[in-house]
Amino acid sequence: MINCLICNSPIEPFIDFGSMPLGNGFLLPEQFNEEYRFPMQVSFCPACGMVQLLDQPDREQMFHENYAFFSGTSRYMAQHFKEFADHVIADYLTDDDPFVVEMGSNDGIMLQNFVTAGIRHLGIEPSKNVAQVAIDKGITTVTEFFDAPLARRIITEYGQADAFLAANVMCHIPYIHSIVEGISILLKPGGVVMFEDPYLGDVIEKISYDQIYDEHTFLFSVASIGHLFERYGMEIIDVEPQGTHGGSMRYVIAHKGTRAVSANVAAQRDIEYRLGLHLTETYDKFRRNCENSRDQLMKLLCELRAQGKRVVGYGATSKSTTITNYCGITPDLVEFISDTTPIKQGKFSPGAHIPVRPYESFVQDYPDYALLFAWNHKREIMKKEEAFRAAGGKWIVYVPQVEILD
Ligand code: SAH
Ligand code: TMP
Ligand code: ZN
């Protein structure tokens, strides 16, 4: 029997993706034989509403000195985090000489804005290679995993925080009780927590099952986050839906009773109720939707191969590891994946072993079709790739449905 990571109730999987490699585990042929895999199953806890993986690799397997994800690869995300920082500064940092802590600060994409504004800050980023990029930009960074013991050390050294920020990391952490406990002691009595992660409601609606991979231990909702933080004397005071990463939710949280609660919170909970996020049936339907999506994508790719068309993947995202492995996409269906991240280039995609090539390979010899693995950056990419379309190239997308874009 498996128990919920949040409330310890017994839970059962509603979907089994089989044996999966690491989403970011790009590798060389000599490593194929020893490739790490884990059983990827997802469950919903009817008691507290949390959607979660049943198994997860150790954190050191995922976050280390060769971590492949550099936040700064997307210009659109840089703008997004500037706006996030401006919002925090304008609306929440009212004390003199405020102190801001960010968990999972990566290459400093968010904190660089606090440096520019001359605000005291601390980044917490265990993956040393990405942290070094931030340190080189003058961002104060601790290269450790955040948890309750580290929160106590931060208080001793720097004092309590006015704002605790996190983006796309809270949902990565199975030992989340230690995180929330750490936040509750690190945060000043009048401070705010603001974090954002891919939103369960969007995943269910858009059938974007590629949000499920090793690093994403949880898919959060307002209901499940409210329940978790309540255990530590905190409450959601606002929610701000975001378009990033295919649909995210930003949660604004404070110590209970210290700030007014926006009507947005109850309104979003109503939306969740209407979506049926509290019902087991919703997840059974989601599984059937995933199976349909997989079958349609494979049918299309097999047809294109039969017609002798060249298909190339665009963006070697960690999410695409779920797509390629769950659907069974092999290099004879997708010739290579174009990606701008140097550490991924020259390697092969996790599990499916599709070559990852520099962006120039795509531009120099346009394929007939580009399979948009980085669909969450669609707007930015479509704009950048007008020449591909003008040359007759076509895009294949699979969220919210499998289709060829005209
Ligand atoms: N915030 C950035 C990076 C997200 S990737 C963005 O949104 O683009 C998640 C990051 O969290 C990785 O850099 C990883 O090394 C880091 N991380 C994982 N566990 C962590 C923990 N316990 N404390 C702090 N950072 C952590
Ligand atoms: P993400 O979906 O986790 O943000 O990862 C996006 C990946 O796509 C990352 O490896 C960089 C790559 N990428 C490109 O190759 N070209 C682009 O234009 C963009 C926006 C991303
Ligand atoms: Zn639970």
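Helix α13 (residues 378-384) supplies three residues to the shell around ligand 2, the largest share; helices are DSSP runs of H or I with at least four residues, numbered from the N terminus. The structure is a predicted model, in which local features require pLDDT of at least 70 and side-chain atom pairs pLDDT 80 or more, whereas totals for chains, interfaces and linings use all residues. Residues are numbered from 1 along each chain as its sequence is written, chains are lettered from A and ligands numbered from 1 in the order in which they are written, and side-chain values use heavy atoms, with hydrogens and water left out.

Of the 17 residues around ligand 2, those that come nearest are K319, D339, K344, H377 and K384; a residue is near if one of its heavy atoms lies within 4 Å. By class, the shell comprises eight polar, five charged and four nonpolar residues.

Polar side-chain atoms lie 2.7 Å from a ligand oxygen in the case of D339 and 3.2 Å in the case of T341. For H377, a side-chain N or O atom is 2.8 Å from an oxygen atom of ligand 2. Taken alone, ligand 2 exposes 490 Å², of which the protein buries 96%, with areas from the Shrake-Rupley method and a 1.4 Å probe.

Notes. A polar contact is a pair of N or O atoms within 3.5 Å; within protein, one must be able to donate a hydrogen and the other to accept it, and residues adjacent in sequence count only if both atoms are side-chain atoms. Helices (H or I, at least four residues) and strands (E, at least two) are DSSP runs, numbered from the N terminus. Ala, Val, Leu, Ile, Met, Phe, Trp, Tyr, Cys and Pro count as nonpolar, Asp, Glu, Lys and Arg as charged, and the others, Gly among them, as polar.
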